Amino acid sequence: MSTSPSEAQPSEALRVNARYFDGRTARAHPVTLALAGDKLLLRGDGIARADDIGALHVSEPMGAAPRLIKYPDGAHCEVRDHAGMAAMLAASHHRDSWVVHMQNRWRWAVGAIVCTVLVLLAAYRWGLPVAANAIAHRLPAGALDEMSQATLSVLDRGLVRPTQLTSERQSGITQAFARLVPPQGTDVRYTILFRRGGAIGANALALPDGTLIITDQLIDLSENDEEALAVLAHELGHVHHRHGLRQLIQGSILAIVVSWYLGDVGGLAAGLPTLLLQARYSREHEYDADAYAVSMLRANGISPRRLAAMLTKLEGTRRSGQAESDANPPPSPHGTMIRDYLSSHPATQERIEHLNSDVR
Amino acid sequence: METRATDASAFEFTGRGSEYFRIWIVNLVLTIVTLGIYSAWAKVRRLQYFYRNTSLLGASFDYHANPIAILKGRLIGVGLLIGYQVASNTSPLIAVIAFAALLVVLPWLLQRSLVFKLVNSSYRGLRFRFMGSVGDAYRVFLLWPLLGYVTLGLLFPIAHQRIKAYQHGNSLFASSAFGFSAKVNDFYRIYLKLFGLMLVPLTVMGIVLGSLNFASFSAEGGRDPGELGRTMMQVFFALMVFYLVIFLLIAPWFSARMQNLVWNHTALGSHTFESHVRARDLLAIYLTNFVAIVLTLGLFKPFADIRLARYRLFHMGLRTQGDIEALLAAEQQSVGALGQETADVFDVDISF
């Protein structure tokens, strides 16, 4: 209010048409806006106001949407003359925020896409496994037992049948495995179950609670007990690293994020991408489990070649029509089937070579 | 797309995909680098883009929510969600209790979120308001849906009608009340047709699943076990196709019918709304949006949102009686953003 009215003469060049709403009625008043010093002058039929520019709030530019000039008393102007508004704002030294600056330029948008993709890839590659690992190691034993029982009962409902091994053969393997020293003081709770593999053929599985399932066909494939023990050691590695749980948790997190991102499009598209993304984890988990088995076998004077030999034989049976050779601990039986279907084939040969080269 | 409310004043939408895309992606990055904190500001900006690009009778809408209020609500919402997750992992009993507790607070949160959403929306400088009571919120968001589930969906159309009546019948613009006149019968008519449409894919699905021979896998000798993997893939793809049919063909039809039913029976004082959305148009939009989103790995999402909003608004109008500008402003009220934001986290769709 320090400037006298005579000083505040609006410049003709900066006259902008607008519609004024007083905040008390819905009526729109046609007005013109003009700058005069640090004041914004508003003139219309029976309306005149002059307000300090500093007290006004100007909305961000949003395409064809009107710019809104908001007064502290609740009144506002809708300005649809974007060129005139831009000129007036420039004259008033108004600065749009840096976010607006970025939003208006494709260069920044492209940079934002690149940045988003990089962050997402990093989160997927490093963040997700770490998070899943942390959660997997905090789950209570009760939850693990429940989950594993559910999976086992699905298996027993048709995928596997009671074992036909003699009880001497069973206890022979169980006791031999119990005599093995676990690597570097690790102590993993486990139970070995024998089943005749129906659909899953020669196979071994690890459930999160430490249940190791080994099929008669796999025992038949092994030339000696050491080969069967090598496979059990590998499965124990899965239990030790909680691979099954981690797989399950990673899958859940991915599904949540993808379906949240796709919003309306929903879980439909979420299924396939998450499935494909998941495929690479099982390969890393196989290597981890192999490494565990190698150190366990070494600690007990058994050659890691035994595991390589079993993998070779399993790969051979799979080529002749097997769905899978070495099973991961499955979140659910079909999960395993589909995952192996997509991924582990090329990896097995690498693993065999790796195991054989490990022997010095 | 030519059918348009001719003698009613139509809603105009001036939003453009290319503009909204830049706003969306820049705010997404800011949200990521601030570990989610910026999401409250991003949300306000996104809604402002849609509100301000929507106009009726030559004036635009506006959204006023304070990002800080939204952020607070979001933090509490995330806290509740984590608490619920932890609780549901400890023991089955505690999980059930936590779920029940969640059910009990949800109607209250939904009521708060409606209050928050409307009081932060304005048109011509006047705020909207929501006057629905908390007691009614429990009746429509908890009691009726529960009755719907207990009766295996038989009463669900009533629940849906009650929810819409609660939302639309308790809203005000300044001092004028909205009215809602759609009857339970109208909802049953649409749900009956929906059921009829669902019968086709359900039957096909049943036949497909029945034809895949699971029995052979549990038979003696585990012959040709490789086939199990193939069958699992077939089941998976059959489910995907089923979901696709429902989502892309039936959901647009239902959505179009609902929008028309609800808005053709909504009034603001003596002024009535009109909606003439066509199922086949919506279907085309859903299909093309879906394909484009998949092909662009999600980058088309903001364009898809704009296309959908433009179509829906283009086919809506207000049939006015007398001078709408004579409406007087009413006093305003403010409320915390908790309800709206907690509802967001729990992904409860509040389609007003």
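The model is a predicted one.

Chain A splits into three domains in the assignment: domain 1 covers 15-96, domain 2 covers 105-138 and domain 3 covers 139-356. Where domains 2 and 3 of chain A meet, 10 residues of domain 2 are in contact with 16 residues of domain 3. Interface size is often quoted as the accessible area lost when the parts come together. For domain 2 and domain 3 of chain A, that comes to about 1,200 Å², with 63% of it on carbon and sulfur atoms. On the domain 2 side, Tyr124(A), Leu128(A) and Ala136(A) give up the most area to domain 3 of chain A, and together they account for 45% of what that side buries.

Sorted by class, the face that domain 2 of chain A turns to domain 3 of chain A has 6 nonpolar residues, along with 2 polar and 2 charged ones.

Aromatic pairs are counted over all chains, and the structure holds 26 of them. One of these joins Tyr123(B) and Phe173(B) in a tilted arrangement, with 5.8 Å centre to centre and 55 degrees between the planes. Tyr123(B) sits in strand 4 (residues 121-123) of chain B and Phe173(B) in strand 6 (residues 171-173) of chain B, so this pair ties together parts that lie 50 residues apart in sequence.

Definitions and conventions: Residues are numbered from 1 along each chain as its sequence is written. Chains are lettered from A and ligands numbered from 1 in the order in which they are written. This is a predicted model: local features need pLDDT of at least 70, side-chain atom pairs count only at pLDDT 80 or more; totals for chains, interfaces and linings use all residues. Side-chain values use heavy atoms; hydrogens and water are left out. Domain bounds come from an automatic or database domain assignment. Contact means heavy atoms within 4.5 Å. Buried area is the accessible area (1.4 Å probe) that two parts lose on being put together, summed over both. Ala, Val, Leu, Ile, Met, Phe, Trp, Tyr, Cys and Pro count as nonpolar, Asp, Glu, Lys and Arg as charged, and the others, Gly among them, as polar. Rings of Phe, Tyr and Trp (its six-membered ring) pair if their centres lie within 6.5 Å; planes under 30 degrees apart count as stacked, over 60 as edge-to-face and the rest as tilted. Helices (H or I, at least four residues) and strands (E, at least two) are DSSP runs, numbered from the N terminus.
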